[in-house]
Amino acid sequence: MGSTLGPELKRALAERVRYYHELGIYDFYRREPQGSRLAEAQLGDVGVLAASLSAKSASATFSVSQLELREEMSARKSAVVPAVAEENIFEIVAPKPEYGVADPVAALKLIREDLGDCTRCKLHQQGRKQIVFGVGNPRAELMFVGEGPGADEDAQGEPFVGRAGQLLNNMIKAMGLRREEVYIANIVKCRPPGNRTPERDECETCSPFLMRQIAVIKPKVIVALGAVAAKNLLAINAPMSELRGRFYDFKPAGVRGGDPSWPGARLAVTYHPAFLLRDPRQKSEAWKDLQMVMKYLGIEPPKRASE
């Protein structure tokens, strides 16, 4: 006969599960308790909560958050969990609304509706005009991810529409593509006040929605624009000089996988267009990064008029 949890432990456990749910971690499984017969008698027929994090990635891109989660759950093995039918505390761990929706247009719409008029972090109280969700081809092979909206983006509700956006458009055109052929989004969807760098808690709160967008779009290549985007996507704290010049294997964290048609994306890192406006000398380096992406996608650059 299973043991019964006290009210305080129930509340603590529910809050913990809700916390992981907000981060986009939703799959949990039951593990039979191990240890002495005395411990088994005390615990009864009760499972131990553990996050099912099976995202495959290269060792360089192994998610620190996954490692921390394992350590956290290992330290909390004494917090037992009753069966779902007994306590119903897992009702908050619901499947994402886009699951089972084959059309990426409809799936992205469901994610946007789930995001709603978001108040999950403090950015909604710091002067944002509107949420900047993302724009472009929902079936794009190439996706660009920036840091966060600026003033122009906040006003128009679309990412990369200011001066940095114009430069990004030129970069996309130089690759032989049109803006409408790619998908563009940001780590955070609300403008940080004064265009400051998004803080860690803001990124952690908002990025699960980006991960869901990536899982729906299923791009072949993601280009992280700038250090903030790169570090949040890869969970690597390294300078741009070390992050650039190579591909990383990437699958969105906290999102249900198992799609045999999409093994994941390759992720490349380059400079943010706003940085290139401040230091045009680095444009040639950014072009090298884009050429690497073009080669992988089999894209031929457009010929110049003189050729």
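Is Phe-247 buried or exposed? At 16% relative accessibility, Phe-247 counts as buried, because the cut-off for that label is under 20%. Keep in mind that this is a predicted model.

The mean pLDDT of the protein chain is 80, and 69% of its residues reach 70 or more. One stretch to treat with care is residues 30-93, where the pLDDT is below 50. Beyond near neighbours in sequence, that stretch still has 95 contacts in the model.

**The sheet**

Six strands make up an open sheet with mixed pairing, and its order reads E4-E6-E5-E7-E9-E8. E4 and E8 (248-250) stand at the edges with a single partner strand each, so one side of each has no neighbour in the sheet. Here is how some of the neighbours pair up:

| Strands | Sense | Bridges |
|---|---|---|
| E4 (residues 135-136) and E6 | antiparallel | two bridges |
| E5 (residues 142-146) and E6 | parallel | four bridges |
| E5 and E7 (residues 221-225) | parallel | four bridges |
| E7 and E9 (residues 265-270) | parallel | five bridges |

Gly-136 has Tyr-183 of E6 as its bridge partner. Val-145 is handy for keeping your bearings: its bridge partner in E6 is Ala-185, while in E7 its bridge partner is Ala-224. One step over, Leu-225 stands opposite Thr-270 in E9.

What about the faces? In a regular strand the side chains alternate between the two faces of the sheet. On E5, Leu-142, Phe-144 and Gly-146 point one way and Met-143 and Val-145 the other, and all are buried. That makes five of five residues buried in E5. E6 (residues 183-186) is covered on both faces too: Tyr-183 and Ala-185 are buried on one side, Ile-184 and Asn-186 on the other.

Some of that cover can be traced to a helix. H8 lies across E5, E6, E7 and E8, and runs at about 165 degrees to E6.

**The core**

Which members of the largest nonpolar core touch the most other members? Out of 67 residues, those are Leu-142, Phe-144 and Leu-233. The largest share of this core, nine residues, comes from helix H8 (residues 200-217).

Leaving aside residues up to four places away in sequence, Leu-142 touches Met-175, Leu-177, Val-182, Tyr-183, Pro-219, Val-221, Val-223, Val-293 and Leu-297.

Ile-222, in strand E7, is worth a look as well. At 0% relative accessibility, Ile-222 counts as buried. With residues up to four places away in sequence again left out, its contacts include Met-143 and Val-145, Ile-214, Leu-233 and Phe-250, and also Ala-265, Arg-266, Leu-267 and Ala-268. Ile-222 and Tyr-248 are 26 residues apart in sequence, and their C-alpha atoms are 9.6 Å apart in space.

**Ring pairs**

Back to Phe-247. A pair of aromatic rings is described by the distance of the centres and the angle of the planes. The count comes to two aromatic pairs in this model.

In the pair of Phe-247 and Tyr-296, the ring centres are 5.2 Å apart and the planes sit at 50 degrees, so this pair is tilted. Phe-247 lies in the loop between helix H10 (240-243) and E8, and Tyr-296 lies in helix H12 (residues 283-297), so the pair ties together parts that are 49 residues apart in sequence. While Phe-247 is buried at 16%, Tyr-296 is partly exposed, with a relative accessible area of 42%.

The other pair is Tyr-271 with Phe-275, and it is stacked: 5.1 Å centre to centre, with 25 degrees between the planes. Here Tyr-271 is buried, with a relative accessible area of 13%, and Phe-275 is partly exposed at 27%.

Conventions:
Residues are numbered from 1 along each chain as its sequence is written. Side-chain values use heavy atoms; hydrogens and water are left out. A nonpolar core is a set of buried Ala, Val, Leu, Ile, Met, Phe, Trp, Tyr and Cys residues joined through side-chain atoms within 4.5 Å. Buried means under 20% relative accessible area, exposed over 50%, partly exposed in between (1.4 Å probe, protein chains only). Contact means heavy atoms within 4.5 Å. pLDDT is the predictor's confidence in each residue, from 0 to 100. Two strands pair if DSSP finds at least two bridges between them. Axes are lines fitted to C-alpha atoms, for helices over the stretch in contact, and angles run from 0 to 180 degrees between N-to-C directions. Rings of Phe, Tyr and Trp (its six-membered ring) pair if their centres lie within 6.5 Å; planes under 30 degrees apart count as stacked, over 60 as edge-to-face and the rest as tilted.
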